[in-house]
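Visitor: I am new to this structure. Please pick one part of it and take me through that part closely.

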Amino acid sequence: MPRRRLGELLVEQGEIDRAGLKRALSLQRELGGRLGTNLLELGLTTEERLLKALGRLRQVQTVSHRELLEIPRDVLRLIPPKLARRYQIVPLKRSGGTLLVAAMDPGDAVVEEELKSLTSCLARTVVGLEVRIQGALERYYRIPRPVRLAALARRLD
């Protein structure tokens, strides 16, 4: 069965129309970035609706902006900045032998195996929005986010 795409799901759910999807795809070709980010920039959906659709599409839990704002230092120390940058991930919490990690691309077996090797924890990834993951990487690891995403975050806040 072919993998469903975010744009198709949002159209099916009535969140956006085909014309809006076409505009977002055009912006994506022009400026790059993820489709969801382009939809947010164009004001075609909300952060909450987009996150819900991503969770449904990826069949994983989601992480909200609020949850990314207060991560304990001891949890952040589990993933070094270099690894966080490479995989665009942010650790959220550790519970027993499980490490919950926010990612734009959850379920990557290579990432989860590397995290298990590094932390001796079973890594479980949840999906987050590009704009919010990048903001958390900047906040906690001092990894600069693109100006475009910083501007979008200010607008969403």
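Guide: A salt bridge is counted where a side-chain nitrogen of Lys or Arg lies within 4 Å of a carboxyl oxygen of Asp or Glu. The model is predicted, so local features need pLDDT of at least 70 and side-chain atom pairs pLDDT 80 or more, while totals for chains, interfaces and linings use all residues. Numbering starts from 1 along each chain as its sequence is written, and side-chain values rest on heavy atoms, without hydrogens and water.

The part to look at is R58 and its surroundings. R58 forms a salt bridge with D105, and the closest N and O atoms are 3.3 Å apart. R58 belongs to helix α4 and D105 to the loop between β2 and α7 (109-119), so the pair ties together parts that are 47 residues apart in sequence. Helices (H or I, at least four residues) and strands (E, at least two) are DSSP runs numbered from the N terminus. Across the whole structure, a search finds eight salt bridges.

R58 also faces the largest pocket: along with L6, L35, L54 and L57, R58 lies nearest the centre, among 24 lining residues. A pocket is an open set of 1 Å grid points where a 1.4 Å probe fits, with protein on both sides within 12 Å along at least five of seven lines, and lining residues have an atom within 4 Å of a point. The volume of this pocket is about 440 Å³, taken as the space filled by probe spheres set on points joined across faces, edges and corners. At least two lining residues come from each of α1 (6-12), α2 (18-31), α3 (35-41), α4 (47-58) and α8 (130-141). The lining has 12 nonpolar, five polar and seven charged residues; Ala, Val, Leu, Ile, Met, Phe, Trp, Tyr, Cys and Pro are nonpolar, Asp, Glu, Lys and Arg charged, and the others, Gly among them, polar.

Strand β2 (residues 98-103) runs parallel to β3, joined by six bridges, and T98 stands opposite L122 in β3.

Apart from neighbours within four places in sequence, K93 contacts (heavy atoms within 4.5 Å) V75, T98, L99 and L100. K93 and D74 are 19 residues apart in sequence, with their C-alpha atoms 9.1 Å apart.

Technical notes. Two strands pair if DSSP finds at least two bridges between them.
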